[in-house]
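Happy to walk through this one with you. Let's ask what stands behind each label.

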Amino acid sequence: MSYKLLDSDKTYLITGAAGFIGFYLAKGLLAKGAKVVGIDNLNEYYDVNLKHERLKQLSPFADFTFIEGDISDKQLIDGLFMEYKPNIVVNLAAQAGVRYSIENPDVYIQSNVIGFYNILEACRFHPVDHLLYASSSSVYGANKKVPFEETDFVDNPVSLYASTKKSNELMAHTYSHLYKIPATGLRFFTVYGPMGRPDMAYFGFTDKFFADDEIKIFNNGDFDNDLYRDFTYIDDIVEGITRLLPNPPAGTDEVCHKIFNIGNSNPEKLMVFIETLEKCLSNTLGRKVEFNKKFEPIKPGDVPATYASTKRLEEAVGFKPETSIEDGLQQFVDWYCKYYQVTEKLKV
């Protein structure tokens, strides 16, 4: 197996740098001595204080430059490329969330479609070594065949969010074909961990527990036919991206565009995930924790299962995510209790 290692002499542009994945990727690259330019619009989709805390942890790095702005601003993006001349671009800026796309579709088109178009245009006129961009496991829709493979048919999305991500893949393919932009799409599978997104279930469940509120579980209380999710720990996501950065798709006669799943390839039932979260909270608080559960029907746009085949990633860069949910959730719970200063208050 032959693949290149990270080049710390290059300049990396990360959009969505104050976001969950963007922050950890930026931190990892900066720790390796790379120069990172980050952009984020710091929107209020979730607690902005968490985004500021992430940026606070990046600010001590001398090689980190942050621009507050929106990728849907074409003039800003063009100017940014002209000034900083990034060698490698990682587009992680996007409006996330399946259910929110039903409530507020406008922002998904603005950020995920127009914003990504601006990034592609900038890469067209200011050539880069490699463009990587966030897609999503949501593009697989309600596919029944598992594990999901990158070659699967994905033309039946069940949410607008998934549609925008599939659109990103098509746009990247076209620009790669027309303008020889080496591009890699990253289909992320349910990313979790410390400093994660508060709109994700594990974070919301923990919030509800400390607020002494019930948690809503959208599986109809059907334990035999429970939802499955391929939960992927943040460190595994960052390691996968970091290995792919210096390894753009080959640009021979083929289009230099490739898609990779980045998932744990070990899906868990939603109820097992919840029980594990309860155990991790019990470990940290020193007492038995059990959520007050309310079961409801599955929501529109949700899919019954996600399950990543990681064979292509392993063949390309020799990496297979493997952090267990026990280890990953314990890391999250320990961070949560410290960050929100709840451990001592609730111990008995």
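This is a predicted model: local features need pLDDT of at least 70, side-chain atom pairs count only at pLDDT 80 or more; totals for chains, interfaces and linings use all residues.

Residues are numbered from 1 along each chain as its sequence is written, and side-chain values use heavy atoms, with hydrogens and water left out.

Q: Why are α1 and α8 called oblique to each other?
A: Helix α1 (residues 20-31) and helix α8 (residues 234-244) pack at about 60 degrees, their axes 10 Å apart. Angles under 35 degrees count as roughly parallel, over 145 as roughly antiparallel, 65 to 115 as roughly perpendicular and the rest as oblique. The pair is therefore oblique. Here axes are lines fitted to C-alpha atoms, for helices over the stretch in contact, with angles from 0 to 180 degrees between N-to-C directions; helices (H or I, at least four residues) and strands (E, at least two) are DSSP runs numbered from the N terminus.

Q: Which residues make the contact of α1 with α8, and of which classes are they?
A: F20, I21, Y24 and L25 of α1 touch I234, I237, V238, I241 and T242 of α8, where contact means heavy atoms within 4.5 Å. They divide into eight nonpolar, one polar and no charged. Ala, Val, Leu, Ile, Met, Phe, Trp, Tyr, Cys and Pro count as nonpolar, Asp, Glu, Lys and Arg as charged, and the others, Gly among them, as polar.

Q: What makes α9 and α11 oblique to each other?
A: The axes of α9 (residues 270-285) and α11 (residues 325-339) come within 9 Å and cross at roughly 50 degrees. By the angle classes already given, α9 and α11 are therefore oblique. Their contact has eleven nonpolar, four polar and two charged residues.

Q: In which hand does α3 pass α5?
A: The crossing is right-handed, the term for a near helix turned clockwise from the far one by less than a right angle, with anticlockwise giving left-handed. Helix α3 (residues 74-84) and helix α5 (residues 105-125) pack at about 35 degrees, with axes 9 Å apart. On the α3 side the contact is made by K74, I77, D78 and F81.

Q: How many cavities of 30 Å³ or more does the count give?
A: One. The largest cavity has a volume of about 30 Å³, and its lining is N91, L92, A93, A94, S111, N112, A134, K165 and N168. On a 1 Å grid over the protein atoms alone, a cavity is a set of points where a 1.4 Å probe fits but cannot get out; a pocket is an open set with protein on both sides within 12 Å along at least five of seven lines; lining residues have an atom within 4 Å of a point. Points are joined across faces, edges and corners, and a volume is the space filled by probe spheres set on them.

Q: What supplies the largest share of the lining of the second largest pocket?
A: β11, with three residues. This pocket holds about 200 Å³ and is lined by 14 residues, of which P248, P249, A250, K258 and F260 lie nearest its centre.

Q: Which residues does the cis peptide bond join?
A: V146 and P147, with omega about -5 degrees. P147 sits in the loop between β5 (130-136) and α6.
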